[in-house]
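Please examine the sequence and the model shown below before reading on. The paragraphs that follow lead from the aromatic rings to the helices and then to individual residues.

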Amino acid sequence: MNPSLTYLVDEICAGVEIYYTGRTGGQYLKTAFILCDDYGELVSKLFLQTDDPQWTDKKPNDHFKNHPDVLRDVKNVVAMKMAVHSEEVNGLQAALSKRRVRRNDFFHSAGLLDLSVTSRNCVEAFCELLEYGEILFGADWRTALESSRNLGTLEVMLRLERLAFADPSITPKVSKVFQEWPRNTKNNKKAGAHVAEYPEDLHFRLCVTCGGKTLRDKLKALLPP
């Protein structure tokens, strides 16, 4: 496995943590969305460098390849070596391209500084990013993700949030898991962890940090088979 994949997945974990740090008040939604867009480009470039160490993100004139150039290079490699995934990659890249346009709007027009990002924008972006990475890197992606702090649990949470957009009954089920999660102390296992109640962000983050695989398995059980 390319060691750089581990570093990249750790960065993605940080971006998801930023989203969940300010999800309730929406303070960092735009920040998380922008970071997710950056990660998509980095996943593409690392895939190309892993496939061919001679690949470069510079053109013959020494200018950097733009976002469409990089995505096209990925698409060509997938078509030649992973054709079974071509349709999936094409769909995910279309979403990546739309997000790049939206992200650029944040920076290129002062009149668009109030352009909003919703929780749904972030959740869909991160879910599709994780799907994109797993298609391109296969088992190595899953290995890196599962070893990156709490990203395994956060991935399940993202999938549950996306599912809840279509099935609102998921939200109270997730809330119940967190409301009943014990405090992280050796001698006191009372329910009502960390004083705060889900979905308050501090409580959520502490539960994820301390809950490990046990919490992840409880949440996974809420996903459809």
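**Aromatic pairs and the fold around them**

The count of aromatic pairs comes to five, where rings of Phe, Tyr and Trp (its six-membered ring) pair if their centres lie within 6.5 Å, and where planes under 30 degrees apart count as stacked, over 60 as edge-to-face and the rest as tilted. One of these pairs is formed by tyrosine 19 and tyrosine 20, which are edge-to-face, with 4.7 Å from centre to centre and 65° between the planes. Tyrosine 19 is buried, at a relative accessible area of 0%, and tyrosine 20 is buried with a relative accessible area of 0%; buried means under 20% relative accessible area, exposed over 50%, and partly exposed in between (1.4 Å probe, protein chains only).

The rings of phenylalanine 47 and phenylalanine 137 also pair: their centres are 6.1 Å apart and their planes stand at 85°, so this pair is edge-to-face. It links distant parts of the chain, since phenylalanine 47 belongs to helix α2 (residues 29-51) and phenylalanine 137 to helix α5, 90 residues apart. Both phenylalanine 47 and phenylalanine 137 are buried.

Over the face of phenylalanine 204 lies arginine 23, at 5.3 Å from the ring centre; a charge sits over a ring if NZ of Lys or CZ of Arg is within 6 Å of the ring centre and within 35 degrees of the ring normal.

The model is predicted: local features need pLDDT of at least 70, side-chain atom pairs count only at pLDDT 80 or more, and totals for chains, interfaces and linings use all residues. Residues are numbered from 1 along each chain as its sequence is written, and side-chain values use heavy atoms, with hydrogens and water left out.

The protein chain holds nine helices and zero strands; helices (H or I, at least four residues) and strands (E, at least two) are DSSP runs, numbered from the N terminus. Of its 225 residues, 44% count as buried. Among contacts between residues at least 6 apart in sequence, 71% join residues at least 24 apart, contact meaning heavy atoms within 4.5 Å.

Helix α5 (residues 119-137) has 19 residues and reaches 27 Å from its first C-alpha to its last, close to the 27 Å expected at 1.5 Å a residue. The expected span is 1.5 Å times one less than the number of residues in the helix. Just after α5, glycine 138 takes a positive phi of about 60°.

How do helix α7 and helix α8 cross, and at what angle? The axes of α7 (residues 151-166) and α8 (residues 170-179) come within 8 Å and cross at roughly 145°. Such axes are lines fitted to C-alpha atoms, for helices over the stretch in contact, with angles running from 0 to 180 degrees between N-to-C directions. Met157, Leu160, Leu163 and Ala164 of α7 make the contact with Ile170, Thr171, Val174 and Phe178 of α8. By class, the contact has seven nonpolar, one polar and no charged residues; Ala, Val, Leu, Ile, Met, Phe, Trp, Tyr, Cys and Pro count as nonpolar, Asp, Glu, Lys and Arg as charged, and the others, Gly among them, as polar.

Several individual residues complete the account. Lysine 45, found in helix α2, is buried, with a relative accessible area of 16%. Leaving aside neighbours within four places in sequence, lysine 45 is in contact with Trp55, Asp57 and Val70. Lysine 81, by contrast, has its place in helix α3 and counts as exposed at 54% relative accessibility. The C-alpha atoms of lysine 81 and aspartate 51 are separated by 9.9 Å, and the two residues are 30 apart along the chain.

Two residues have a positive phi although neither is a glycine. Aspartate 62, at about 75°, is found in the loop between α2 and α3 (67-81). Arginine 149, at about 40°, is found in the loop between α6 (139-146) and α7, and counts as partly exposed because its relative accessibility is 46%.
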